[in-house]
Protein chains: 2
Amino acid sequence: MAQKPSIAKGTRDFSSEEVLKRTYIMNTIKSCFTTYGFQPIETPSFENSETLMGKYGEEGDRLIFKILNSGDYLSKVDDALYTERNSTKLTPRISEKALRYDLTVPFARYVVQHQNELSFPFKRYQIQPVWRADRPQKGRFREFFQCDADVVGSKSLWQEVEFVQLYDAVFTKLQLNGVAIKMNNRKILSGIAEVIGAEDKLIDFTVALDKLDKIGEEGVKTEMLSKGISESAILKLQPLFSFYGTASEKLEQLKGLLSTSETGLQGVSELEFITTTLETIGLQTASLEIDVTLARGLNYYTGAIFEVAAPSEVKMGSIGGGGRYDDLTGIFGLKDVSGVGISFGLDRIYLVLEELSLFPDTVSSTTKVLFINFGEKEALYAMQAITKLRLEGVSSELYPDIAKNQKHLGKQITYANKRNIPFAVLAGDDEMEAGTYTLKNMESGEQETLTYEALLERLK
Amino acid sequence: MAQKPSIAKGTRDFSSEEVLKRTYIMNTIKSCFTTYGFQPIETPSFENSETLMGKYGEEGDRLIFKILNSGDYLSKVDDALYTERNSTKLTPRISEKALRYDLTVPFARYVVQHQNELSFPFKRYQIQPVWRADRPQKGRFREFFQCDADVVGSKSLWQEVEFVQLYDAVFTKLQLNGVAIKMNNRKILSGIAEVIGAEDKLIDFTVALDKLDKIGEEGVKTEMLSKGISESAILKLQPLFSFYGTASEKLEQLKGLLSTSETGLQGVSELEFITTTLETIGLQTASLEIDVTLARGLNYYTGAIFEVAAPSEVKMGSIGGGGRYDDLTGIFGLKDVSGVGISFGLDRIYLVLEELSLFPDTVSSTTKVLFINFGEKEALYAMQAITKLRLEGVSSELYPDIAKNQKHLGKQITYANKRNIPFAVLAGDDEMEAGTYTLKNMESGEQETLTYEALLERLK
């Protein structure tokens, strides 16, 4: 009968400490979202398959978890199809629902479905799990939380300004100083492709450029050549390989390079508005960098592109990213709704805070005081104090079983130590008679006998 | 291309207001859990099928959502089985994972899997969604949150005492006064079946008794007769049909009725400890009632059984329930771990609070002030103030698009009104020159021109 239990591949149990630390990160982000005027929404864990399928490319479709229909699902499959025995063709006949793959497509569905109830521009945030049938590996899970903030319904660049500020606000509040917010613009990438005459190779060109950090200048050039980008075109790119200086110096270089591309200059002007505004307003602890090699989700973004890098002392990929997309809801029939949004990489932020010991001690502290249980009478006496302490917000526990001997008492003390409970209360006949409580500091071993009022004072 | 989007049957989108109200309920419960020494854990949304299947009876197995294997799942099905074309037999070959049906079985799995890392008694709470392939109907959803607190590893009745206090603490904090916490004990039900000589009909007997509220004394008797319980047995039950009075009066009646049943008397003694202790300690706003007709989850519970009824002015089923079960983890090979736990019915609590208008106004308030956008220069001036206000925790927004004329301005004002934003700031040339802000109270229409410090004072 009994099975040795195990957990599904690529999923995680979270211990109390982990839940509390994750909650700390999420609550910090939520509080910033709120001061920025974002409102929470939640969508269901599964959607009708047609809502999700075809929205993430072929690879995405493959990675979506499908839910089997209930009941006698095979009865709805026609004989010819069944006989074919083709998994891909059978799936849509035996599965009508699928687990959410990200928060963006459900959000688009939400906006279209509720468009008459919403006030635009609509600023929403959403923190919920998503599921992907990826091969699990270190740091990659089949279930993980996404944390997104988006605004839809306005093309104003003030939103890009605000999102940079929001990143700065969140990471400052998490005491994670020194993150780099990198920014690019799809129009600049298009402009570059245009001026070097490689418009038809935009994707190949940006994918190669995106690797500059990893494979260096020569590597990038070799890859471009291999993709059919001409040597003369690559020659024109030279300024990008020595692209240093302040934001305004970089903008000047780009203006030169892109002088013949209207699109490119538009991108530069957008970047310029955002950077100069933020120079005026100032950031708290983050730095803002123009990075023309940044190309994440290029097929998707139409304007600004953001990516956040952890402080340089930590080896970690990006801990956030986002950008502007001009047609979020078009897939569901609502045209011309521009959106811009960012996301926070919760799992990676967790690892970074852990590595830098940035979780406040208070985050994972739980119970403040354990009352030792010496017997029925003593337990009642203890529970009367515990009841009052809890009303004052002091986390308190009674050890449920009676300590009938020294060994039992040791067990209760061990329980307090294992749980990192900082105080124990011992109250026997003497204390009950005097109406007092003996408080033991579990770290120092120090004991003092106190009235209830003094006890509350110490524990509050 | 474009589809009219819809949501999967039995699932819900939650608007901002709904999310905020739900979060308020959950955070209130969590804060009480914490002061009672419960620690949060989280388990994955899906488990290996063998962890869940067979744990909830045949009906439960049917209602578990199964996840289709990825890739060419049919390739692993042998020909003979495929030819049979039997959905029930095919399922375990093409699906290895399933969505969590409740939080109890995953919790049992967690305890067994992590037994060496945990300190017992282990007090945990868990607030996560569960999924059931039930036919959707009013108030019944395919995805809903469960909210459970359990202690495993001790048989102490102090835990039952604490759970009654915990219910009282949570509902008092939610300002939901007058809930009735009903309590029974499986041993009393077994004892009654024993003394009337219907031990082999325990389930039939309790199922019938449980309906006393709905079908009355005669109805219950007729049902018992039809299930083969003898007339003489039913005659012995007479005291239960006029079971009134204080807790101690009820306990006396039960002692008489159960005088020949050791098990029954044990149950009475347990109930007595809990009720007399709670009489001494006192409850804040809830009442505690002994209800011998209470039989929820009988197959499961071995000791105390709890159920919470909403205040009588609200028509609503139970808003919470729980009990003691002596062998939670046996299904996974860990014997003799007694557990006791309660759960809160979040959706119903939500409906009750809504009906009685008990959600504090502050819960769903979002942005405090909208800065009107008159132009690029004015927006920068506004954003400098907004940045400072946000650092002080004041939720503030800049309308992203510029009001070029009166109609645009009206749109911004309408946006503030629709969003229930209580204040607007208007700052044009005059204000910029004087370094001031004109604050408009959106309800009264009153306006005053203020320095930044005075503005902060008003909005904080």
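Which side chains meet in a salt bridge with an N to O distance of 3.7 Å?

## A salt bridge in chain B

In this predicted model, the side chains of B:Asp134 and B:Arg140 form that salt bridge. B:Asp134 is buried, with a relative accessible area of 18%, whereas B:Arg140 is partly exposed, at 32%.

## Other salt bridges

A search of the whole structure, over all chains, finds 52 salt bridges. One of them joins the side chains of A:Glu272 and A:Lys255, at 3.2 Å from N to O; because A:Glu272 belongs to helix H14 of chain A and A:Lys255 to helix H13 of chain A, this pair ties together parts that are 17 residues apart in sequence.

In chain B, the side chains of B:Arg109 and B:Glu47 meet at 2.8 Å, N to O, and since B:Arg109 lies in helix H6 and B:Glu47 in strand S2, the pair ties together parts that are 62 residues apart in sequence. Both B:Arg109 and B:Glu47 are buried. A network of salt bridges links A:Lys123, A:Glu162, B:Arg390, B:Glu397 and B:Arg419.

## Helix H17 of chain A

The buried residues of H17(A) are A:Leu409, A:Gln412, A:Tyr415 and A:Ala416, and they cover an arc of only 115° around the axis, which puts them on the same side of the helix. What covers these buried residues includes strands S12 and S13 of chain A, together with strand S5 of chain B. The face turned away from the buried side carries the exposed residues A:Gln406, A:Lys407, A:Lys411 and A:Lys418.

Conventions. Residues are numbered from 1 along each chain as its sequence is written. Chains are lettered from A and ligands numbered from 1 in the order in which they are written. This is a predicted model: local features need pLDDT of at least 70, side-chain atom pairs count only at pLDDT 80 or more; totals for chains, interfaces and linings use all residues. Side-chain values use heavy atoms; hydrogens and water are left out. Buried means under 20% relative accessible area, exposed over 50%, partly exposed in between (1.4 Å probe, protein chains only). Helices (H or I, at least four residues) and strands (E, at least two) are DSSP runs, numbered from the N terminus. The arc is that of the directions from the helix axis to the C-beta atoms. Contact means heavy atoms within 4.5 Å. A salt bridge is a side-chain nitrogen of Lys or Arg within 4 Å of a carboxyl oxygen of Asp or Glu.
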